[in-house]
Amino acid sequence: MKYKSSFLNEASMRGFFYQSTNLEAMDEFLVAKGRRGYLGFDITAKSLHVGHLIPIFLLRLFQKHGHKPVMLVGGGTTKIGDPSFKNTARPILTDEEIFENMKGIKSCLLPFLRFGNGDSDAILTNNADWLDKLEYIPFLREIGKYFSVNRMIGFESVKAKLTENSSLSFLEFNYMILQAYDFYRLYSDMDCRIQFGGQDQWGNIVCGVELVRKKLNAEAFGFTSPLLTTSDGKKMGKTSSGAVWLSKDMLSAYDFWQYWRNVNDADVIKLMYLFTDVEIDEIKKMETACGEELNELKIRLADEITSIAHGEESLHPIHQAVSGVFEADGDLSSITSIPRYTLERSNLNAASIIDIVVSSGICATRGEAKRLLRSGGIYVNGVSIGEEYSAPTTLTAGDTLKLSCGKKKHILIVLE
RNA sequence: GGAGGGGUGGCCGAGCGGUCAAUGGCAGCAGACUGUAAAUCUGCCGACGAAAGUCUACGUAGGUUCAAAUCCUACCCCCUCCA
């Protein structure tokens with residue numbers, strides 16, 4: 001074992017460690033249970049997405065090893081917008097939008113952590129509680145004096161914003177200071193001594209560690225995890241329809257599952273370490289898998305992650321849908337987790353197939369539907385069809401057809 | 001406040017009076033090959049239309065012109081430098 005603390009051992013073996021401040025001292029500190037560490041989120045959308053998953057799972061691990069995760073939502077900092085590594089300014093949200101988003105973010109976190117009042121139960125805080133009350137002059141005198149602009153503009157995270165064609169507003173420049181202040185407050189108010197974050201947060205975290213040292217003459221720790229990228233270096237978590245959201249309202253459990261089912265071969269093991277509760281020894285045995293075996297592991301991966309994020313009970317309907325939709329003789333009638341569209345029997349032949357494809361919502365525009373049809377990408381019950389398609393006359397009300405765009409996007413047409 | 005440079009499709013980025021629905025790259029979609037993977041190859045990639053074509057779009061609003069992303073005017077926004 002490389003570390004004294006079980007948390008750091010598991011975190012580093014699973015691939016969560018990128019860099020940290022004073023690692024040795026932090027390791028020592030984490031040997032005892034019930035330590036507090038926090039992770040902050042800005043609440044620019046009403047759901048978290050796959051990109052947030054690394055730090056969330058890191059905190060889940062933190063909890064597993066007996067520590068107390070403090071989840072900080074940035075009710076205050078979101079009003080500023082983190083400029084780190086961004087080349088465009090964040091849109092400024094209204095108070096109402098922030099409030100709405102906050103509710104969504106909270107519910108996204110619930111499946112991953114156990115919240116409560118126990119020693120290792122997670123708690124939720126909001127930095128608006130203290131940031132909103134700050135007064136400018138006192139803040140500058142008490143906190144501002146500890147920050148060196150010379151140093152701040154040296155941070156990698158701000159450098160990009162200082163180049164041509166990009167500007168860093170004074171508003172955004174303050175983000176780092178406020179995040180540092182958060183850390184100081186959490187340290188002094190609730191003895192929270194570690195801040196976790198993605199590697200892009202390094203500059204902000206270090207600022208907080210320094211503020212704590214200067215203000216309280218105490219040592220706080222920073223810990224960053226790598227960004228989630230695919231084996232070929234691309235950012236993970238984007239699909240054709242946008243980000244892979246954690247909230248059911250924004251992405252169905254079925255689509256969530258499909259996302260993991262379709263990851264690159266080269267990423268399966270890495271993701272298994274990061275985002276499942278499967279024991280390390282067991283994953284080690286999987287490392288040699290290839291071909292069909294590896295393909296099967298993706299199902300395991302999808303199952304594991306989905307049952308954490310959406311609950312174990314979500315798996316059965318998903319499996320049912322998968323076998324109905326992807327297997328030639330699958331049973332369509334009992335599928336509940338992919339969209340359905342009801343159509344009158346008489347309209348099946350009356351309306352053109354293009355109309356049906358568009359009105360069922362599987363294609364957004366008629367042009368798109370035509371293009372797909374032309375290239376053979378529209379299927380009825382798994383058979384590629386053309387524009388002159390007409391449904392078999394044997395179909396009657398109550399029958400179900402599977403309409404597909406490409407090989408993966410399916411919808412059920414229910415006749416009535 | 002002054003001088004200069006910019007704002008083009010999801011992103012980057014050409015075009016600088018007609019041949020521009022706008023080169024190219026990335027991203028995306030479909031097909032072939034596979035394993036619901038990757039790589040590769042092929043096709044597509046504003047809307048409507050069977051098509052001819054029509055409409056909408058190059059920061060916003062006007063104007064010049066037979067014709068404007070391209071010229072003019074005003075305004076808004078961004079960048080750099082000076083005060």
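**Figure 1. Chain A is divided into three stretches: domain 1 (6-225), domain 2 (252-325) and domain 3 (340-415).** The domain bounds come from an automatic or database domain assignment. This is a predicted model: local features need pLDDT of at least 70, side-chain atom pairs count only at pLDDT 80 or more, and totals for chains, interfaces and linings use all residues. Residues are numbered from 1 along each chain as its sequence is written, while chains are lettered from A and ligands numbered from 1 in the order in which they are written.

**Figure 2. Domain 1 meets domain 2.** The centres of domain 1 and domain 2, taken over C-alpha atoms, are separated by 30 Å. In the contact, 8 residues of domain 1 face 7 residues of domain 2; residues are in contact if their C-beta atoms, placed from the backbone, lie within 7 Å. Helix H3 (residues 53-64) gives the most to the domain 1 side, with 3 residues. Helices here are DSSP runs (H or I, at least four residues), numbered from the N terminus. The domain 1 side has 6 nonpolar, 1 polar and 1 charged residues. Ala, Val, Leu, Ile, Met, Phe, Trp, Tyr, Cys and Pro count as nonpolar, Asp, Glu, Lys and Arg as charged, and the others, Gly among them, as polar.

**Figure 3. Helix H1 (residues 6-13) crosses H3 at roughly 150 degrees.** The two axes come within 9 Å. Axes are lines fitted to C-alpha atoms, for helices over the stretch in contact, and angles run from 0 to 180 degrees between N-to-C directions. H1 is therefore roughly antiparallel to H3. Angles under 35 degrees count as roughly parallel, over 145 as roughly antiparallel, 65 to 115 as roughly perpendicular and the rest as oblique. The H1 and H3 crossing is right-handed. A crossing is right-handed if the near helix is turned clockwise from the far one by less than a right angle, and left-handed if anticlockwise. H1 contributes Phe7, Glu10 and Ala11, which meet Leu58, Leu61 and Phe62 of H3. This contact has 5 nonpolar, no polar and 1 charged residues.

**Figure 4. Helix H10 (residues 175-190) packs on helix H11 (residues 202-216).** The angle is about 50 degrees, with the axes 8 Å apart. H10 and H11 are therefore oblique to each other. H10 passes H11 in a right-handed crossing. From H10, the contact residues include Met176, Tyr181, Phe183 and Tyr187. From H11, they include Cys207, Leu211, Val212 and Leu216. By class, the H10 contact with H11 has 10 nonpolar, 5 polar and 2 charged residues.

**Figure 5. Helix H13 (residues 268-275) runs alongside H15, roughly parallel to it.** The H13 and H15 axes come within 10 Å and cross at roughly 20 degrees. The crossing of H13 past H15 is left-handed. Val268, Leu271, Met272 and Phe275 of H13 meet Leu294, Leu297, Lys298, Leu301 and Ile305 of H15. The contact splits into 8 nonpolar, no polar and 1 charged residues.

**Figure 6. RNA strand B is surrounded by 31 residues.** The closest are Ser167, Arg366, Gly367, Gly377 and Gly406. A residue is near the strand if its C-beta atom, placed from the backbone, lies within 6 Å of it. Helices H12 (253-261), H15 (292-310), H16 (315-326) and H19 (366-374) each supply at least two residues of this surface. H19 gives the most, with 5 residues. The surface near RNA strand B divides into 5 nonpolar, 15 polar and 11 charged residues.

Key
Contact = placed C-beta atoms within 7 Å.
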